[in-house]
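I opened my notebook to look up a few things about this structure. My entries follow in the order I made them.

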Amino acid sequence: MSTEPKQKPKQPTESFRALPVDVPKNLSNIRIILFEPREPGNIGSVARVVKGMGLTQLYLVNPVPFRNEDAAWNMAHGARDILKQCKVVPELKDALNGIQYLVGTTHRRRDVRLPQPVSARDAANTIASVSQDKSVALLFGREDFGLSTDQMSLCQLTASVPMATKNPSLNLAQAVQIFAYEVFVASLGEDHALVEIDYAEVNALEDFYGRVTRLLDKVGMSPYNQEWETYLKSLRRVFSRAPLEERDIATLDMIFSTTYRHILRLEQRIEDST
């Protein structure tokens, strides 16, 4: 049984906000994704951030149980509707459904095979532009480990919060607050032209990379030490330099899929002749 506290009657926002603003429409296209959050209080705090910064989409990938935890509801003060409506999914790919542009967050130095992170502010400017008519997600990792290298390699952009010292690192909710605030402020600008690139969905890209590696394996290509995941990270980096549209995938698929089917037909002929 939920321990959700009763909410007090709401007051009009204009009655107490020092700087009232109109919520930019593009914020409805932005999704916050928490991968395996471990602290119910952090989940509640992030819900509060999401609501306060004009966002609406909160996805949790394999979180700890939180719905019956007082810490989650207490920290979500004023944003319990977001906590109620957040989407809980078992795997990251489920949280990425419909997402065309993925931004991964990190606080530590990463594998050289990954693109260099940009600042949260620079990332926010990109997000504000892309989200004018496309679905964008900001991905945050576990409190203890952050995002893995494999997860970071899924992202078209990686970003970090500049800090004066190496330690301590930001709390999860603090990190989400900084990124959400930067995105909110960037979205208030009036010079965001529509991005003409029709980005392919992240999951469609992953399916495409799977078909590419399937063909390479079929023709006998062997990555160093058979580490296909390592090779896949390099493959993602190559293609991320020129963002792929749906029509680009269709064009490339014509090459890879046709070649794969041709090999299968040849194998069948050889088998039939023996």
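**Entry 1: the whole chain.** I began with burial. Of the 274 residues in the protein chain, 43% are buried. I noted that the model is a predicted one. Next I looked up the secondary structure and found 10 helices and seven strands. For the extent, I took the C-alpha trace, which spans about 80 × 45 × 35 Å along its principal axes.

**Entry 2: contacts.** I took the contacts between residues at least 6 apart in sequence. Of these, 85% join residues at least 24 apart.

**Entry 3: surface and charge.** The accessible surface of the chain is about 15500 Å². Carbon and sulfur atoms hold 52% of that surface. Then I turned to the charges. The chain has 33 positive and 34 negative ones. How far apart are their mean positions? I found 3 Å between them.

**Entry 4: a positive patch.** Which residues gather in a patch of positive charge on the surface? I wrote down Arg-214, Arg-261, Arg-265 and Arg-269. Arg-214 sits in helix H8, which covers residues 202-218.

Methods. Residues numbered from 1 in each chain as written. Predicted model: local features only at pLDDT ≥ 70, side-chain atom pairs only at ≥ 80, totals over all residues. Heavy atoms only, no water. Patch = residues over 30% accessible without salt bridge, like charges linked within 9 Å, V, L, I, M, F, W, Y side chains within 5 Å. Areas by Shrake-Rupley, 256 points an atom, 1.4 Å probe, with all protein chains shown as cover. Salt bridge = Lys/Arg side-chain N within 4 Å of Asp/Glu carboxyl O. Lys, Arg positive; Asp, Glu negative; His and termini not counted. Charge placed at Lys NZ, Arg CZ, Asp CG, Glu CD. Helix = DSSP H or I, 4+ residues; strand = E, 2+ residues; numbered from the N terminus. Buried < 20%, exposed > 50% of the residue type's maximum accessible area, 1.4 Å probe, protein only. Contact = heavy atoms within 4.5 Å.
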